[in-house]
Amino acid sequence: MVETGQSGKAVSNVGEKSFTIRRVFDAPRELVFKAFTEPEHVSRWWAPGGYTIPVCKIDLRPEGIWHYCMQSPEGDRHWARSVYREIVEPERIVYTGTFADAEANPVGGLPEHIATVTFTENEGKTTLAVHIQLQSLQELKTTLDMGMMEGLTETINNLDKVLENIQSA
């Protein structure tokens with residue numbers, strides 16, 4: 001297992017066919033869950049450096065689809081979709097994820113993965129953990145080579161500012 005991270009930032013762990021990113025936020029878990037599940041909040045933080053989320057649709061229920069578009073600073077659009085498997089508010093979300101087209105049809109390029117997101121509260125702070133499970137070592141290597149762990153780590157670190165804005169509203 002490899003662990004990376006710095007103080008006040010997300011920490012990443014790489015396992016046999018998976019990786020996990022953890023970050024502690026100074027916010028109650030209901031708020032962190034809300035920021036992770038409501039499109040008006042997700043669209044403000046769910047993208048790495050310079051990317052935006054011009055489209056974000058969330059149908060938060062088992063078999064519901066989270067469909068979104070990440071747009072690069074140059075205007076390139078990258079679509080993705082997730083299908084929710086389990087939602088235990090405000091504790092856990094499980095979904096499968098992959099690249100998609102503008103109509104939410106899966107397309108190749110990114111191995112389909114299972115994401116398990118947990119929200120654990122301790123003394124008013126919430127530990128957000130995103131565990132990405134792949135089917136094989138090759139799929140893990142492909143996903144890591146594509147920069148998914150780094151991009152997701154950067155994305156999770158964006159959540160801090162959105163939480164501050166939600167709390168002060």
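Which residues form one aromatic cluster? I started my notebook with that, and I found Phe-33, Phe-36, Trp-45, Trp-46, Trp-66, Tyr-68, Tyr-84, Tyr-95 and Phe-119.

**Ground rules.** I am working with a predicted model, where local features need pLDDT of at least 70, side-chain atom pairs count only at pLDDT 80 or more, and totals for chains, interfaces and linings use all residues. Residues are numbered from 1 along each chain as its sequence is written, and side-chain values use heavy atoms, with hydrogens and water left out.

**Aromatic pairs.** I searched the whole structure and noted 11 aromatic pairs. Rings of Phe, Tyr and Trp (its six-membered ring) pair if their centres lie within 6.5 Å; planes under 30 degrees apart are stacked, over 60 edge-to-face, and the rest tilted.

I looked up Phe-36 with Trp-66, an edge-to-face pair with 6.3 Å centre to centre and 65° between the planes. Phe-36 sits in helix α1 (residues 29-37) and Trp-66 in strand β5, so this pair ties together parts 30 residues apart in sequence. Helices (H or I, at least four residues) and strands (E, at least two) are DSSP runs, numbered from the N terminus.

Next I checked burial, where buried means under 20% relative accessible area, exposed over 50%, and partly exposed in between (1.4 Å probe, protein chains only). Phe-36 is buried at 2%, and Trp-66 is buried at 1%. I then turned to Trp-46 and Trp-66: their ring centres are 5.0 Å apart and their planes at 55°, so I wrote this pair down as tilted. Trp-46 is in the loop between α2 (39-42) and β4, 20 residues away from Trp-66.

**More on Trp-46.** I noted that Trp-46 is buried too, at 7% relative accessibility. Leaving aside neighbours within four places in sequence, I listed its contacts (heavy atoms within 4.5 Å); among them are Ile-53, Met-70, Leu-152 and Ile-156.

**The core.** Which residues have the most contacts inside the largest nonpolar core? I found Phe-19, Trp-45, Trp-46, Trp-66, Leu-128, Ile-156 and Leu-159, in a core of 42 residues. Helix α4 (residues 148-168) gives the most to this core, with eight residues. A nonpolar core is a set of buried Ala, Val, Leu, Ile, Met, Phe, Trp, Tyr and Cys residues joined through side-chain atoms within 4.5 Å.

I spotted a cis peptide bond from Glu-89 to Pro-90, with omega near -5°; Pro-90 is in the loop between β6 (77-88) and β7 (92-100).
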